[in-house]
Amino acid sequence: MNRMLFWGMTILSIAVAVCTAFGQEDMELVDNGAFDRPQRPPAIFEHDAHNEMAGLDDCAECHHLYDESGQKLEGESSEDQMCADCHELKDVGSKPGLRKAFHNNCKGCHVAQEKGPIACAQCHVR
Amino acid sequence: MHALYQFVAGPLAWAAFIVFLGGLLYRLIRLLILVRNREPFISSYMSWRYGLRSIVHWLTPFGTVRWRTMPVLTVVTFVFHLFLLITPIFLLSHIVLWDEAWGLTWWALPDVLADIMCAIVIACCVFFAVRRSTQPEVRFVTDSSDYLILLLTAAPFLTGFVAYHQWTEGAWMTILHMFSGELMLALLPFTRLGHMLLGWLTRAYMGSEFGGVRHARDW
């Protein structure tokens with residue numbers, strides 16, 4: 001019983017450590033791996049600190065989901081996917097390309113809310 | 001800061017482009033009316049052939065005697081004007097904004113190259129300023145407005161360079177960059193920067209007169 005508890009706790013600890021290490025709690029930069037030759041450094045983004053400051057509880061606010069016809073699916077979210085899973089490098093119909101999607105999502109909201117960075121250098125910090 | 005950014009990036013940018021294009025049109029129409037009222041005989045010898053011949057010669061580096069007698073000034077003048085036009089039009093950050101506003105995209109310069117071209121434009125402006133203040137024959141025809149239009153031209157490049165290299169914090173350098181560009185566009189038709197449009201007409205006139213009246217070269 002003790003042995004089972006020991007292994008159980010060990011596996012759980014490792015799982016928590018791995019999730020924390022690769023999860024968004026520690027995320028400091030937006031992953032720009034999908035871009036061919038990015039011209040600017042990846043945007044600085046501290047996921048949890050940002051959401052706390054912005055008072056964001058709804059994941060779908062950023063991790064949105066759209067159906068084939070381009071209709072936003074209310075109540076559904078996409079945090080289990082990479083942005084690049086849906087957004088190609090170039091625009092496809094009404095679906096913005098990856099760069100535009102990032103900019104719309106971040107800067108678009110900052111402009112609308114009149115809060116947060118808006119100029120290039122404020123996110124793409126060298 | 002957000003309200004200011006949105007004002008400078010939105011209504012003020014529209015106003016600048018409207019004043020720029022409307023102003024150039026106004027200058028053109030006013031010039032044509034002036035010619036018709038004061039010197040209508042010009043139209044009797046204005047010639048596409050001689051006009052374009054002169055423009056082509058003056059557009060060719062070292063294609064005129066004047067370009068050949070001042071080789072350094074020639075190189076600086078050509079490089080300056082080429083980079084002045086190419087850099088902002090093919091700058092990735094500008095294309096990103098056009099793409100996000102209107103869905104327009106085209107080929108972009110690599111940022112590293114655009115950075116060097118921007119620095120060269122600034123260096124050319126410094127060259128022109130130094131030349132104006134040190135060469136007696138240029139100083140003689142120079143007044144403060146000449147330095148002012150140089151500053152007006154250099155400002156968008158200078159502020160863009162500083163914003164790109166992130167020597168300042170926050171959005172204000174980017175806002176200043178946009179504002180200086182808009183100021184340059186809006187004042188262009190009403191200053192000697194108007195040579196962007198009227199220079200072609202002056203050249204065409206000179207070419208026509210030299211070719212059709214004096215039967216001489218003007219290059």
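Q: How many helices and how many strands make up the secondary structure of chain A?
A: This is a predicted model. The elements of chain A run α-α-α-α-α from the N terminus on. The count for chain A is therefore, with helices taken as DSSP runs of at least four residues, as follows. Chain A has five helices and zero strands.

Q: What span should helix 4 of chain A have at 1.5 Å a residue?
A: Helix 4 of chain A covers residues 98-113, which is 16 residues. The expected span is 1.5 Å times one less than the number of residues.

Q: At which residue does helix 4 of chain A bend?
A: The bend is the angle between axes fitted to the seven residues ending at a position and the seven starting there. For helix 4 of chain A, that angle is about 30 degrees. The residue is Asn104(A).

Q: Which residue follows helix 4 of chain A?
A: The phi of this residue is positive, near 55 degrees. The residue is Glu114(A).

Q: What percentage of the residues of chain A count as buried?
A: A buried residue has 20 or more other C-beta atoms within 10 Å of its own. Chain A has 126 residues. The buried share is 8%.

Q: Which element gives the largest share of the side of chain B that touches chain A?
A: The contact takes 16 residues from chain B and 12 residues from chain A. On the chain B side, helix 1 (2-9) and helix 7 (92-102) each give two or more residues. The largest share, five residues, comes from helix 7 of chain B.

Technical notes: Residues are numbered from 1 along each chain as its sequence is written. Chains are lettered from A and ligands numbered from 1 in the order in which they are written. This is a predicted model: local features need pLDDT of at least 70, side-chain atom pairs count only at pLDDT 80 or more; totals for chains, interfaces and linings use all residues. Two residues are in contact if their C-beta atoms, placed from the backbone, lie within 7 Å. A residue is buried if 20 or more other C-beta atoms lie within 10 Å of its own, exposed if 12 or fewer, and partly exposed in between; C-beta atoms are placed from the backbone.
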